[in-house]
Amino acid sequence: MRARAQCVNLNGKKLKFTLWEDDETGEGHNAKNLLIETKEATVDSTGVATAEFMLTRALMQKAMQGETDPKHLEFYVTVEYFSHNKHATDNLNVDNPLHVSAVTPQTRPQQPASNSPSQPTSEPPSNNAQPRAENSPAAEKPVSEMEERGVAGQNADPNEKLHDYQEAKGTIEAEQPPTPQANEGKTVSIVEDSSVEELIDAYFAKKEYTKQTGEAAGTLEYKFGSNGNKTSTDAEKENIAKIILGKPAVKALANKKEYTTLEAIKQVLTKGVYNKDEIITIQTFKLGAEFKKIISAPLDTKLYLVAKTAGSGLNDKQATIIIKEKDGLIKGSADAVLPILEITEEQMDQANPTTGEVPGTEKSEFTSKIENGLVKIPVHLRPKSDDDLKEWREKLKKGKQDGEYTYTFSNVNGTAITAENKKSLSETIAKNAKEGKLGNPKIEDGKVAYAEDIEAVLQIKTYTRGETIKFPLYKKEKELLYLNVKAQGEKQHDKNFLKADGAYFVVGGNCFCNRNIEQTEFEDILKKLRESERMANTTELFFADNCNLDDKTVAGFVDQLNTTLDKYNINTCIRKIHFLAQIYHETDRLQTTKEYGGTKRYSPYVGRGIMQLTHDSGYARYKAYLGTDVVTDYEKVAEELELAVDSAGWFWKQGKELSPGTSWTVPRTKFSEFDGSTGKQYAKQEFTYELNGVSRRYGTIDLSLLADADYIDTISWLVNGGDNGRMERREYLRKIKEIFHYPEDCENAGTSNGENSNVNIHFSGQSAHADAVSEYTRGILREVGAATENTDIYITSTARTPNDQARIMYDNASRDLQEQRRTYRAPGQAVIDVFEQNQTLPRDQVIGLMEARINELGPSSVSRHCADPNVTNVFDVSISRLTNPNDFLTEIRGRTEVQTVLNENGAYHIEISQ
């Protein structure tokens with residue numbers, strides 16, 4: 001029986017499903033109904049949690065308890081996230097296969113006649129006899145043999161009288177000799193367990209220390225942080241204990257596999273009131289391991305194969321688990337066996353060696369002993385060979401090959417493929433095929449082409465119009481696994497588990513785009529980063545002596561990290577990788593939220609938070625954004641988790657102070673020379689803040705845009721202001737990419753957010769101003785350039801001042817007066833008249849007269865180039881410098897965002913409303 005819960009905003013949360021048998025009258029959930037079984041399930045990325053209940057013999061027998069009609073059992077399930085709020089399903093009727101209809105009692109044989117005196121029809125009950133109900137069948141029968149021997153069953157209700165009974169003779173033979181009695185004065189009793197044996201479940205699992213064992217572990221010293229904590233009454237103790245239980249220091253016990261309880265805290269609250277700095281010592285307990293079912297994991301993950309049994313019949317027997325593919329994405333055929341590595345418990349927690357052979361034995365079948373109804377086998381979800389692992393990753397990334405695509409080149413001037421442009425043009429061809437551009441058919445939904453396959457078939461040559469290339473198409477599919485389990489008890493057991501829609505285990509593609517980072521995933525990132533530098537502490541956060549953060553728990557940090565990543569649109573694998581690399585260095589490997597060292601020249605505004613907010617201007621900018629006075633109360637940024645993390649997201653999105661303006665061009669530095677970002681242009685946003693009573697304006701860029709292009713050194717320069725930790729940041733980036741399996745597992749690797757990196761926009765000439773063309777307009781131009789294989793677009797003119805307009809009209813009229821007459825409407829004609837009437841005067845004097853006439857007529861009436869660029873971007877694109885100008889013209893005229901496209905003066909004149 002499978003129960004599914006569709007949830008909203010609960011991704012990654014655990015739900016409790018409870019199976020009930022409905023004994024009570026009326027509709028809806030009733031706590032008096034019979035609770036059968038409880039299971040936990042995690043809400044997946046689609047918002048669904050699923051729990052499976054196996055209706056085994058043992059379970060059905062339990063469900064029959066107290067049922068007046070055991071032939072038909074009514075089951076329902078409740079699901080809860082908050083303990084006070086249960087959601088119940090409707091009843092599900094199940095015919096009970098264990099029900100046996102009552103047998104009509106046979107007539108008791110008459111006793112043979114004898115010479116004895118006649119006996120009464122009913123014997124008085126002996127001392128062991130149960131009371132008979134009047135006028136019942138039992139009242140007419142003699143004392144039973146059980147009653148005579150003193151072994152009659154005892155009724156739970158002494159007031160209830162026996163209505164009827166039956167007896168039948170039988171024989172029993174000893175199956176084994178009695179156990180010899182020990183010489184310690186103790187009697188040994190043999191209790192035979194039920195003969196029920198059943199395989200009831202199997203799944204993939206992670207070991208988590210969440211089970212509260214009650215076993216003493218140690219103690220925790222808790223120091224009160226305020227005065228007047230009253231604990232005289234039970235209610236006051238309860239209140240203070242709850243507060244303490246929620247404190248970060250108590251939550252942090254989980255990192256040591258320990259916990260404490262409300263009762264343990266209340267027991268040590270022996271005074272009537274506690275004041276600041278008073279200390280209590282609280283008993284702690286050990287957390288035990290639980291094997292929690294997981295529904296997906298990427299390749300190269302260590303986990304457990306788990307099988308569960310019911311009854312004692314299979315205990316100490318061997319169970320064999322086989323992993324099978326649903327569709328055979330890796331091995332090539334449906335229901336294929338997938339061999340992976342069996343490892344030891346010790347190897348579960350060991351890091352993979354950087355060189356040499358990976359530990360473990362590759363197996364197709366995994367066998368282990370059933371102990372207490374459970375089999376758990378540690379495995380590593382990968383093949384033995386690194387080359388095979390690489391091949392598996394490639395198959396999971398691409399999907400199944402499904403057909404072939406024929407691409408036709410359409411450029412009249414031909415498409416030249418060179419060693420330099422081969423990669424970028426392969427990406428353009430893939431995009432055109434996906435969208436059905438340039439006369440090519442659109443790839444059908446559900447299929448995809450990859451640039452690397454296109455690059456492999458492209459030759460270094462010029463493809464003429466009509467020439468074609470062919471490359472493979474793939475159908476994106478998930479790698480779905482199920483488990484086959486075999487065991488031999490009184491009978492042979494052979495069952496499949498997880499083999500149903502919605503139940504399969506999903507492998508690979510553990511993409512971090514547009515989702516939260518799970519706590520276990522972050523713990524893995526932290527562990528591997530610290531192990532790479534041989535740090536002893538691989539699990540704790542912010543333990544440096546100078547760090548006074550209010551919540552140092554991993555759970556608290558991961559929760560706030562996810563909030564910040566979502567808030568500031570740090571939403572793809574590559575953006576998260578770059579962000580994590582920077583904060584890992586800025587916090588000295590996540591050990592502190594405050595800059596080390598004594599007094600600085602910029603004290604007290606030293607580095608604080610996980611991106612090390614620094615200088616009075618930095619705190620003032622963050623204050624202007626946040627509304628909280630962190631200029632006066634600057635320690636908040638280092639001591640309050642929310643501000644420590646949020647300040648980093650703010651800085652990443654809009655906190656880096658640059659000069660005011662609407663566009664930023666990456667300058668030539670040793671940083672941009674390394675990562676290739678020199679000359680790249682990004683849109684700026686402008687903000688204001690106040691410092692020392694003076695209002696200031698600054699421009700800033702979103703560092704995610706640089707992360708999209710993988711510009712590690714330029715990001716490091718913008719974050720740090722210099723080259724502190726330049727090499728370490730590169731290494732952290734490399735390591736986190738490895739942990740993320742980037743780009744192999746990323747669904748969006750190779751795509752960008754608003755930028756086609758293979759299309760470059762250049763501003764050429766005195767009248768081309770980069771800040772007059774918005775990022776919105778640039779995005780359109782990049783898309784048009786990518787679709788038409790124009791990788792370089794030269795803008796020769798943008799928004800103009802009246803003087804610019806007069807100068808350009810003078811130069812153009814000097815070259816071809818009649819062309820200018822054909823270009824301009826009446827206001828422009830009046831300006832050209834000034835040119836014609838004053839040709840004998842010096843150039844600058846004529847331009848001055850033309851500028852005066854333009855101002856008199858109204859600049860925007862003479863030329864749209866004089867319009868406000870905040871309302872309309874007006875610019876010219878050089879025709880001669882486009883590789884495929886006709887295709888560019890066709891494509892840009894087809895864009896609905898573009899208001900005007902004219903072919904004039906050797907350029908495409910384009911107008912785009914903002």
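Student: Let's get the overall picture. How many helices and strands does the chain come to?

Tutor: The secondary structure comes to 26 helices and 36 strands. Remember that this is a predicted model.

Student: And how much of the chain counts as buried?

Tutor: Of the 914 residues, 46% count as buried.

Student: What about contacts between residues at least 6 apart in sequence: what share joins residues at least 24 apart?

Tutor: That share is 70%.

Student: Okay, cores. Which residues have the most contacts inside the largest nonpolar core?

Tutor: They are Phe522, Phe557, Phe579 and Phe740, in a core of 71 residues.

Student: Take phenylalanine 740. What is it in contact with, leaving aside neighbours within four places in sequence?

Tutor: Phe740 touches Phe512, Ile525, Cys573, Lys576, Ile577, Leu580 and Asp745. There's also a second, separate core, with 44 residues, and Tyr304, Leu381, Leu389 and Tyr504 are among them.

Student: Switching to sheets. In what order do the strands of the seven-strand open sheet come?

Tutor: The order is S10-S12-S8-S14-S19-S16-S17, and the pairing is antiparallel.

Student: Why is one side of S10 and of S17 left without a neighbour in the sheet?

Tutor: Strand S10 (258–259) and strand S17 (361–363) stand at the edges and have a single partner strand each, so one side of each lacks a neighbour there.

Student: Further in, how many bridges pair S8 with S14?

Tutor: Seven bridges, in the antiparallel sense, between S8 (residues 198–223) and S14 (residues 302–310). If you want a spot to look at, glutamate 198 stands opposite alanine 310 in S14.

Student: What's the pairing like in the open sheet of five strands?

Tutor: Mixed, with the strands in the order S32-S33-S34-S36-S35. Its edge strands are S32 (760–763) and S35 (898–904), and each pairs on one side only. From one strand to the next, the twist averages 30 degrees.

Student: Which way do S33 and S34 run, parallel or antiparallel?

Tutor: Antiparallel: two bridges join S33 (residues 792–797) to S34 (residues 872–878). Isoleucine 795 has valine 877 in S34 as its bridge partner.

Student: Now a helix. What span should H24 have, at 1.5 Å a residue?

Tutor: Its 15 residues, 843–857, should span 21 Å, and that agrees with the end C-alpha atoms, which are 21 Å apart.

Student: Which residues in H24 are buried?

Tutor: Val846, Ile847, Met850 and Ile854 are buried in H24. Seen down the helix axis, the buried residues fall within an arc of 100 degrees, so they line one face of H24.

Student: And what is exposed on the other side of H24?

Tutor: Asp844 and Glu856 are exposed there.

Student: What do the buried residues of H24 pack against?

Tutor: They pack against three helices: H21 (802–815), H23 (826–837) and H25 (859–862).

Student: Last one: what follows H24?

Tutor: Glycine 858 follows H24, and its phi is positive, near 100 degrees.

Conventions. Residues are numbered from 1 along each chain as its sequence is written. This is a predicted model: local features need pLDDT of at least 70, side-chain atom pairs count only at pLDDT 80 or more; totals for chains, interfaces and linings use all residues. Side-chain values use heavy atoms; hydrogens and water are left out. A nonpolar core is a set of buried Ala, Val, Leu, Ile, Met, Phe, Trp, Tyr and Cys residues joined through side-chain atoms within 4.5 Å. Buried means under 20% relative accessible area, exposed over 50%, partly exposed in between (1.4 Å probe, protein chains only). Contact means heavy atoms within 4.5 Å. Two strands pair if DSSP finds at least two bridges between them. Helices (H or I, at least four residues) and strands (E, at least two) are DSSP runs, numbered from the N terminus. Axes are lines fitted to C-alpha atoms, for helices over the stretch in contact, and angles run from 0 to 180 degrees between N-to-C directions. The expected span of a helix is 1.5 Å times one less than its number of residues. The arc is that of the directions from the helix axis to the C-beta atoms.
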